[in-house]
Amino acid sequence: VTRHPASLADLWDDLATVGLLGAERRPVPVPPSGPVASLVAQRARTDPGEAVLDQVAALVAGRRAGIRPGAVAAPLEPPPADPRPVRPAAAGRRLALLLEAWPELVDEWLARLVAAGYRLAPDDAVALLARTRAEPQRRQAVVAACGPLAVWLVELFPGELSPRGRRQPAAPAPAVTPGTAPAAAPGVEPPADLAADLPPDLAALVHLPGDVLADALAAGVTSGRFQARHRPLLLRLLQQAPFASLEPVAAALARAGTNAHTMGLALSLADFAATRCQMIQELLP
Amino acid sequence: VEEGSAATGVTSTTGATGATGATGDDHAAAPRWSVVEVLALAPDAAVAGAARRVAVPAEWSGLGCDAGAVWGLFHGSGAEPYQVGVDLTGPVALCTCPSRKRPCKHAVALLLLWSAEHVATGGHAPAPLGTWLVARARRDPAAPPEAAREADPEPPEPALTPTRRRTGRRADDTHGPAPGPPGPGDQRAAERAARVAAGLLELDRWLADSVRGGLTAPALADRAAWELVAARLVDAQAGSLANRVLRVAELVGASVAWHEQVLAELGVLHLLAEAGRRLPSLPDDLADAVRQALGFTVRQATVLDTPPETDRWIVAGRSDTLEDRIVVRRLWLRGAETRAWALVLSFAAWGQSLPDRVAPGAVMHGDLHRYPGRRELRCLVGRVLDPPALLSPPVAPGAPSQAPGVPPAATSLAGACDEVGAALAEVPWLERWPVVVYAAPTLVRGRWVLTDHTGSLPLTGPPSLVPTLVAVSGGAPVRITAEWTAGGLVPLAVFGPDGVGVDVGPRGGFDDRRRGVRA
């Protein structure tokens, strides 16, 4: 039986049914009088498939052009306020660089951020919460840096941001006072076990004056004492090095990198030292 | 390589063939670039840093160079070394590593070694690499940039980069193997029109058959059937329409209401097929819009000859989508003075990357040239008076932090509907339209929407876009750039209360499937 829908909404339902089952099995509906009926009346179609397509095209074009908003929706409950300022823009760009090039420095970056009284920018927060779903220790530091936004986001996006593994109740965000590190956050100084991993002769270098350390590293690289296989140890040494040493170390290693055999290691270490130096400067309280 | 070596100098005087090169100066060493120049080619700081770490001669073999290229094998952790080559005239890099970033760290490292004189002139490029370098070198070096652009199959430089380094070439915008523009002769144009018309007639018959048989017919569940239809459209030189057919195929079975979505899109295809067969009777601007939707190409020179639209163009948002193994980047710009919208496209082959260097809110002062067509937004970048600030890493301690961007003008959700509706009333087959709204994200029965005092509109796109949007908003109204699509608004950028824009647009790939399309 040919249907005569009373409205365009009913017409769409009828067309959808015909489209699903096939115009060979269901009669083509007759559109209600109006613009769609006027348009399709201009085409004398004998093929039911073409007749359906004419109506669909006219109706879809009209519905899309007539787009209107739906009902006003209730807003979300906002997250509790965090009094800390958002980290400086340069520190945000540094974080992006660390995540790609020097992930070894991310923990220290987070600790320094919190200690300096900053909080993560919201987009950093999402990225770091997503990356640390299976890293409970690092996640603690991320949550401290996020502040109350972390709990709010995890409740809204459990599938994307909640911790993996054993289901745990969402812990309240630690209370934060600008300028102080929350108890949950690691200290500003890198963990002591980094130094413990260093051979005694390298560990002894850490506390040398900056220019002496720089000369020692450059000489070690140039002479071949330090080679590519020592890179992890040397990076740990540079993670331990005092801030004042980093700039001379970076400069000395960059100079040492002109030799074909030492270039890769020297430039890599120089970049690490320079990056850490700049990272610390960007996150001074 | 042997064949090409005579023409390109890939084989050097010290190479196994002992040839000295047929082009005389092929083997002359190109002036080496400085480290700064090399590192400027890196798509981001991470690549620059990583390149320094792998620029170790001991990890390379087969290093060589000539006047136009550098090549070598990098011995990484894999069983096979990566073949790395750089055509210095582009510069364009090729590397067999899986990195999506181009140039990758290996290519930059190779240039660092070359820059530091660790690459001797001469040597052989290994076969596949050599073939690629030969193919690139075969381009007529005397050809003007315009001709090179037309012939160059390489993906273009990113949008808003009006000149390519060293060559001064403007960003390309050709899209894969798109059919060439109509030839100068009327006969050729007529032949093409006939081919397109025949293809559209065939498409329309297939559409009618599909609706007559019903959308649950087994044939429609087979993607091969859709691919066959698309292939016929490519043969008919309607490549854009072919891609659209494949996008509809992705909807089949993808959601509970897929048959309604597919039926709606079949209706739009029918509309385009009808319009395409009536081109001579349509108004010029509408006919141009139909041609664009079908896949007719327009010469860039023709576009650049149009009157420029000069403004301070604000980067409103970005979207990357994967279309037939090509990543298409849409950069939406909005005129600060005119409030006109513009779209700058760039492309990369799947597996290669488009550097993401322009932040939402960045401003380019310059000229855009618009493609022909009613409601056409696509433009080419012309004269740049003041380039946009690039997203760059902090370069030095104490360097000024990035200035907050300039958020584009926003409207209410009802206002956005008015804008979208007006565009669709004139060009009903539009698949997307940009809007900037001032609204808050919220949840309605488990679905994310944007809401304000005028109502709400659903969000769509990859689910990964929403958390950052919500985080930046904090649940409060913010300025958001989005693409209207039939399924809802795809968020592209969000501007926080401080005016800083955050790019949240789709990154391309297989997760980027539109969902919830509605008629």
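Predicted model: local features only at pLDDT ≥ 70, side-chain atom pairs only at ≥ 80, totals over all residues.
Which side chains meet in a salt bridge at 2.5 Å, N to O? They are those of D107(A) and R138(A), a salt bridge being a side-chain nitrogen of Lys or Arg within 4 Å of a carboxyl oxygen of Asp or Glu.

Residues are numbered from 1 along each chain as its sequence is written, chains are lettered from A and ligands numbered from 1 in the order in which they are written, and side-chain values use heavy atoms, with hydrogens and water left out.

**Salt bridges within the chains**

- Over all chains, the count comes to 33 salt bridges.
- D107(A) sits in helix α5 (residues 106-115) of chain A and R138(A) in helix α7 (residues 136-146) of chain A, so the pair links distant parts of the chain, 31 residues apart (helices are DSSP runs of H or I, at least four residues, and strands are runs of E, at least two, numbered from the N terminus).
- D107(A) counts as partly exposed because its relative accessibility is 31%, and R138(A) is also partly exposed, with a relative accessible area of 28% (buried means under 20%, exposed over 50%, and partly exposed in between, with a 1.4 Å probe and protein chains only).
- D82(A) and R84(A) join their side chains in a salt bridge of 2.9 Å, N to O, and both residues are buried.
- In chain B, the side chains of R277(B) and D204(B) form a salt bridge of 3.2 Å, N to O.
- This chain B pair links the loop between α11 (258-276) and α12 (284-294), where R277(B) lies, to helix α7 (residues 186-213), which holds D204(B), 73 residues apart.
- R277(B) counts as partly exposed at 32% relative accessibility, whereas D204(B) counts as buried at 3%.
- One network of salt bridges with shared partners takes in R43(A), R45(A), E50(A), D54(A), E274(B) and R278(B).

**Where chain A touches chain B**

- Chain A brings 67 residues to the contact and chain B brings 79 residues (contact means heavy atoms within 4.5 Å).
- About 5,700 Å² is buried between the two chains, with 65% of that area from carbon and sulfur atoms (buried area is the accessible area, 1.4 Å probe, that two parts lose on being put together, summed over both).
- L53(A), R64(A) and R93(A) supply 14% of the area that chain A buries against chain B, more than any other three residues.
- Six salt bridges are counted between chain A and chain B, and D271(A) and R53(B) meet in a salt bridge at 4.0 Å, N to O.
- On the chain A side, two or more residues come from each of α1 (8-21), α3 (48-65), α4 (89-101), α6 (122-131), α8 (148-156) and α15 (263-282).
- Of these elements, α3(A) gives the most, with 13 residues.

**Chain B overall**

- Chain B has 15 helices and 15 strands.
- Of its 519 residues, 57% are buried.
- Among contacts in chain B between residues at least 6 apart in sequence, 64% join residues at least 24 apart.
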